[in-house]
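Subject: Structure handover

Hello,

Here is the structure you asked to look at, with notes on what turned up in it. Please read the notes with the model open beside you.

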Amino acid sequence: MILDDALLATLLNAKHIVVFTGAGMSAESGIATFRDAGTGLWEQYDPSVLASSQGYRADKALVWGWYEWRRMRVLRAEPNAGHIAVAELTKRVDQLTLITQNVDDLHERSGNTSVIHLHGSLHSPRCFTCARPYTFPDGIPNEPVGGRRLEPPQCNHCKGTIRPGVVWFGEMLSEAAWKQAEQATLTCDVFFSIGTSSLVWPAAQLPVMASANGAKVIQVNPGATALDNKAHYNLRGKAGEVMPALLDALIAH
Ligand code: APR
């Protein structure tokens, strides 16, 4: 990748970098995007119905089974070169805030311990009734390849049923997560948008806010997105290729 001098200077002078990631960040780890996640048993269901409180109320075993199947795939996946480069970059700059729309834990597993999960996490379920957190048993259950219906566990406190800790369609983002993301966006001088189609709001608002506030916006994506004309740099390529190349260029400087 040819890294132009202006981009290199922007990165070298950055005081606070925000890295904002979407499904494309985890694609090279083999995690299907939300819209591709309908294989096997799930092919016949609309993901936007499965990912809603209406869908859960209508058929808890179906929805819980889908999320457990997705969680098992994540537990078996490994962070890719893009995740690792972001973790390395974090160690080398004054301040880096990592914001993700992803519900996996691949950033954490590559070394970023403080991650703002705008859309929640597959790994932090809670009670549908009393909202108390639920802890999964250790280990990776033997989930059948194609997935299966599965009754959700019961809450230890109120005997309600457990739901996934993700933000469903029709639900608000966590106010605390959004505030942190917004504050980082408004105080950064460089904003990376990596592997997101920039279509889902309010998350997609963040790079636009950063740009309006004077930050340089660098987009990493093999394809065109809704952010293209707002980004200062469009680095066309996979996160797992572009981010390591960018890190190498910084180190070599
Ligand atoms: N590296 C970088 N980007 C990639 C790669 C890759 N290897 N592979 C694919 N992409 C890009 C695609 O070109 C696309 O622009 O990743 C983007 C994925 O877009 P979406 O599937 O729309 O994912 P995302 O933007 O994260 O969706 C946002 O929508 O479905 C809901 O809540 C869900 O968090 C999700 C949100």
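The largest cavity has a volume of about 40 Å³. Please keep in mind that this is a predicted model. Two elements give two or more residues to the lining of the largest cavity, namely helix H5 (60-76) and strand S4 (120-127). H5 provides the largest share of that lining, with four residues. By class, the lining of the largest cavity has six nonpolar residues, two charged ones and no polar ones.

Next, the ligand. There are 18 residues around the ligand, and the closest are Ala 23, Glu 28, Thr 196, Ser 197 and Asn 221. In this shell, nine residues are polar, six are nonpolar and three are charged. Helix H2 (residues 23-27) supplies three residues, the largest share of the shell.

- Ala 23: a backbone N or O atom lies 2.8 Å from an oxygen atom of the ligand.
- Ala 239: a polar backbone atom is 2.9 Å from a nitrogen atom of the ligand.
- Gly 24: a polar backbone atom is 3.4 Å from a nitrogen atom of the ligand.

As for how much of the ligand is covered, it exposes 740 Å² when taken alone, and the protein buries 83% of that.

Two points of backbone geometry remain. Most peptide bonds are trans, and most residues other than glycine have a negative phi. The peptide bond from Trp 201 to Pro 202, however, is cis, with omega near 5°. Pro 202 sits in the loop that runs between strand S6 (190-194) and helix H9 (205-212). The other point concerns Lys 159, which is not a glycine but has a positive phi of about 70°. Lys 159 is found in the loop between S4 and strand S5 (162-166).

Regards

Key:
Residues numbered from 1 in each chain as written. Predicted model: local features only at pLDDT ≥ 70, side-chain atom pairs only at ≥ 80, totals over all residues. Heavy atoms only, no water. 1 Å grid on protein atoms, 1.4 Å probe; cavity = no way out; pocket = protein on both sides within 12 Å on 5 of 7 lines; lining within 4 Å. Points joined across faces, edges and corners; volume = space filled by probe spheres on them. Nonpolar A, V, L, I, M, F, W, Y, C, P; charged D, E, K, R; others polar. Near = heavy atom within 4 Å. Polar contact = N/O pair within 3.5 Å; in protein donor to acceptor, adjacent residues only side chain to side chain. Areas by Shrake-Rupley, 256 points an atom, 1.4 Å probe, with all protein chains shown as cover.
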